[in-house]
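Please examine the following model, which the dialogue below discusses feature by feature.

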Amino acid sequence: MPVYLVRHAKAGSRNDFDGDDRERPLTNSGRRQAAALATRLAALSPSIIMSSPYRRCVETLEPLAVAIGCEVRLDEALGEFFTERSQPEAGLMTLLQSLPDRAVICSHGDVIPAIINLLKDRGMHVHGEPQWQKASVWVLERDGKQFATASAWPPPAVD
């Protein structure tokens with residue numbers, strides 16, 4: 001059974017945002033991406049929804065949480081790497097291995113490639129072209145407790 005790894009939807013520019021970057025919200029386009037992701041992911045019966053605590057990630061998964069009647073759980077392990085954390089990979093692997101089937105998790109553009117590379121180093125095979133764009137989704141399939149294969153969906157076309 002899969003785990004779904006979502007890159008947060010479009011957010012305003014980091015350089016143009018006046019305030020704590022953790023509070024930078026989605027743009028109107030990003031909110032439309034989040035709604036489109038919710039429609040697609042809700043049909044897959046997610047078991048839990050987990051997110052980086054950054055506002056743009058939480059806002060990406062909120063429409064899904066409303067659609068299936070659950071809450072978005074927050075986990076610092078999914079936060080951006082440039083914040084002060086020691087050994088972020090260890091926290092990520094612990095989190096990934098603890099996820100139930102059909103979990104949906106949301107993170108950032110620096111974290112998602114790191115997750116994919118960590119899993120590739122452990123033998124996971126990637127099918128097709130990688131998708132790193134905002135609102136793209138990685139589908140991580142397990143064989144027992146190990147992640148065996150991954151493929152990616154491009155972001156929803158909303159604009």
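**Reading the cores and the sheet**

Q: Which residues does Trp138 touch, not counting residues up to four places away in sequence?

A: Contact means heavy atoms within 4.5 Å. Trp138 touches Val3, Tyr4, Leu5, Ile112, Ile116, Val126, Pro130, Gln131, Trp132, Ala150, Ser151 and Ala152, with residues up to four places away in sequence left out. The model is predicted: local features need pLDDT of at least 70 and side-chain atom pairs count only at pLDDT 80 or more, while totals for chains, interfaces and linings use all residues. Residues are numbered from 1 along each chain as its sequence is written, and side-chain values use heavy atoms, without hydrogens and water.

Q: Which residues touch the most other members of the largest nonpolar core?

A: A nonpolar core is a set of buried (under 20% relative accessible area, 1.4 Å probe, protein chains only) Ala, Val, Leu, Ile, Met, Phe, Trp, Tyr and Cys residues joined through side-chain atoms within 4.5 Å. Here the largest has 26 residues, and Leu99, Trp138 and Leu140 touch the most other members. Helix H4 gives the most to this core, with six residues.

Q: What is the strand order of the open sheet?

A: Strands of a sheet pair through backbone hydrogen bonds, either parallel or antiparallel. Strands (E, at least two residues) and helices (H or I, at least four) are DSSP runs numbered from the N terminus, and two strands pair if DSSP finds at least two bridges between them. The seven strands follow the order E3-E2-E4-E1-E6-E7-E5, with mixed pairing. Strands E3 (72-74) and E5 (125-126) stand at the edges, each with a single partner strand, so one side of each has no neighbour in the sheet.

Methods:
Buried means under 20% relative accessible area, exposed over 50%, partly exposed in between (1.4 Å probe, protein chains only).
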